[in-house]
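Student: I'd like to learn how to read a protein model. Can you walk me through one?

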Amino acid sequence: MPTSSFADIANHWAKACIEQLADRDLVKGYPDGTYRPDGTVTRAEFAALMLKVFPEAAPWREFLSFSDVPTGYWAKAAVEWVYQRGFFSGYPDQTFRPDQPIPRVQAIAVLATAFRYPFPSISEETLQQYYDDAIDIPDYAKGAIAISTLKNLVVNYPDVRKLAPNRATTRAEVAAFLCQGLAIANTVPPQYVPWGTQLSDIQSGTTISFEVLRANARLVREIQMRFTALKLY
């Protein structure tokens, strides 16, 4: 049973996940006993989290100095660490923009890299199949989003069909991504996770809600293929 809880997550959709991560000392709350689940996360804060979650990751490139991450900046070591490991890159003007809220697309792409997912070369079909707003996904992140979807890392609340790639990531969403990536079971409501249940997981008498079907394009396709094989149209 989780031993950590916060005053402001009692009825929050990510409560179980946040508590599990807090028990593992991967996330922390604020001195007033709150977690502020709907608050946003900056690029620097996300960099610091990556250092905590993936401490054994090996560097493979030299650090690039960023004009907006001066000596003495609180997260300078974390920014250097994530850059050396290829988790983050900077912007063309040689800035890191550490205090900028990290968009969901960037957070997912960073985690896909950290988890060493193999990026697919063809991803357009997957993205259009699962997301009504696939057109909003930047080209550079399409492979990362596609593989993260297939790996069950992506969590979309409140509408599983809306990735909202360019919206700032909340603290609850960061927790949910981590719970999915670390395979911490039964913490994220399945109706918010694209590509969840497989046809082989369904037992006789099992009821599948519309919300789960809507979240799971692969399951719908498998059911359609099974009906077609049985000549049921």
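This is a predicted model: local features need pLDDT of at least 70, side-chain atom pairs count only at pLDDT 80 or more; totals for chains, interfaces and linings use all residues.

Student: What's the general idea behind a nonpolar core?

Tutor: In soluble globular proteins, nonpolar side chains tend to be buried together. Here the largest nonpolar core has 69 residues, and Phe46, Met50, Phe54, Phe87 and Phe88 touch the most other members. Elements giving two or more residues to this core include helix H1 (15-23), helix H2 (43-53) and helix H3 (76-84). The largest share, eight residues, comes from H4.

Student: How do I read a helix like H6: how many of its nine residues are buried?

Tutor: The cut-off you need is that buried means under 20% relative accessible area. In H6, eight of the nine residues are buried, so the helix is largely enclosed by the rest of the structure. Among them are Gly143, Ile145 and Ile147. The cover over the buried residues of H6 includes H4 and H5. Just after H6 comes Asn152, with a positive phi of about 70°.

Student: And what about charged residues?

Tutor: Side chains of opposite charge can pair when their charged atoms come close. The count in this model comes to ten salt bridges. Take Glu124 and Lys142, whose side chains meet at 2.6 Å, N to O. This pair links distant parts of the chain, with Glu124 in helix H5 and Lys142 in helix H6, 18 residues apart.

Student: Is Lys142 buried or exposed?

Tutor: Lys142 is buried because its relative accessible area is 15%, under the 20% cut-off.

Student: Where else does a salt bridge join distant parts of the chain?

Tutor: Asp132 pairs with Arg161, their closest N and O atoms being 2.9 Å apart. Asp132 sits in the loop between H5 and H6, while Arg161 is in the loop between H6 and H7, 29 residues away. Arg161 counts as buried at 15% relative accessibility, and Asp132 counts as partly exposed at 46%. There's also a network: salt bridges that share partners join Asp25, Lys28 and Lys52.

Student: Last one: where does Thr170 lie?

Tutor: Thr170 is in the loop between helix H6 (142-150) and helix H7 (171-181). Thr170 is buried, at 11% relative accessible area. Setting aside neighbours within four places in sequence, Thr170 contacts Pro37, Asp38, Gly39, Thr40 and Val41.

Conventions:
Residues are numbered from 1 along each chain as its sequence is written. Side-chain values use heavy atoms; hydrogens and water are left out. Helices (H or I, at least four residues) and strands (E, at least two) are DSSP runs, numbered from the N terminus. Buried means under 20% relative accessible area, exposed over 50%, partly exposed in between (1.4 Å probe, protein chains only). Contact means heavy atoms within 4.5 Å. A nonpolar core is a set of buried Ala, Val, Leu, Ile, Met, Phe, Trp, Tyr and Cys residues joined through side-chain atoms within 4.5 Å. A salt bridge is a side-chain nitrogen of Lys or Arg within 4 Å of a carboxyl oxygen of Asp or Glu.
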